[in-house]
Amino acid sequence: QCGECYRQFNSQNELNMHMQVHRPRNVACPICGEQRFRSGANAVQHVESGYCTGCRGQDNARQQIYEFARRQSGMQQFLTGTPMLTNG
């Protein structure tokens, strides 16, 4: 059972997934600065989707995502000197 809204779930996994809706929307897009995301991953999805007003073109969006990830302390171990994202 959810401690916030008291909704019932069949498994702990379902409850864990549901709890994301109660997280604050306090993460800002690293490109346009819009603060409406619950996680860094959601902000990256916003950039990748093409709806970010701060990015122009897919290549720029990919570079911006790489720079955002590079600034996150937990991501350092996964990054190389060159972005590994590719088109298609």
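**View 1. The residue that follows helix α2.** Just after α2, G50 takes a positive phi of about 90 degrees, where helices (H or I, at least four residues) and strands (E, at least two) are DSSP runs, numbered from the N terminus. This is a predicted model, in which local features need pLDDT of at least 70 and side-chain atom pairs count only at pLDDT 80 or more, whereas totals for chains, interfaces and linings use all residues. Residues are numbered from 1 along each chain as its sequence is written, and side-chain values use heavy atoms, with hydrogens and water left out.

**View 2. The whole protein and the confidence of its prediction.** The protein has three helices and two strands, and along the sequence these elements follow the pattern α-β-β-α-α. The mean pLDDT (the predictor's confidence in each residue, from 0 to 100) is 80, and 81% of the residues reach 70 or more. Among the elements, helix α1 (residues 12–18) has the highest mean pLDDT, 93, while α3 has the lowest, 75. Where pLDDT is low, the predicted coordinates should not be read in detail. Of the 88 residues of the protein, 24% count as buried, that is, under 20% relative accessible area, with exposed meaning over 50% and partly exposed in between (1.4 Å probe, protein chains only).

**View 3. The largest nonpolar core.** A nonpolar core is a set of buried Ala, Val, Leu, Ile, Met, Phe, Trp, Tyr and Cys residues joined through side-chain atoms within 4.5 Å, and the largest one here has 11 residues: C29, I31, F37, A43, V44, V47, C52, C55, A61, I65 and F68. The elements that give two or more residues to this core are α2 (40–49) and α3 (58–71). Leaving aside neighbours within four places in sequence, A43 is in contact (heavy atoms within 4.5 Å) with V27, A28, C29, P30 and F37.

**View 4. The buried face of helix α2.** Which residues of α2 are buried? They are A43, V44, H46 and V47. Seen down the axis of α2, these buried residues fall within an arc of 155 degrees, so they line one face of the helix; the arc is that of the directions from the helix axis to the C-beta atoms. Q45 also lies in helix α2, but this residue is partly exposed, with a relative accessible area of 47%. Q45 and C29 are 16 residues apart in sequence and, C-alpha to C-alpha, 9.7 Å apart in space.

View 5. H18 is found in helix α1 and, at 10% relative accessibility, counts as buried. Not counting residues up to four places away in sequence, H18 touches C2, C5, R7 and F9. Y6 has its place in the segment before α1, and the phi of Y6 is near 65 degrees, a positive value in a residue other than glycine. At 57% relative accessibility, Y6 counts as exposed.

**View 6. The salt bridge between E34 and R36.** The structure holds one salt bridge, a term that stands for a side-chain nitrogen of Lys or Arg within 4 Å of a carboxyl oxygen of Asp or Glu. E34 forms a salt bridge with R36, and the closest N and O atoms are 2.5 Å apart. E34 counts as partly exposed at 35% relative accessibility, and R36 counts as partly exposed at 37%.
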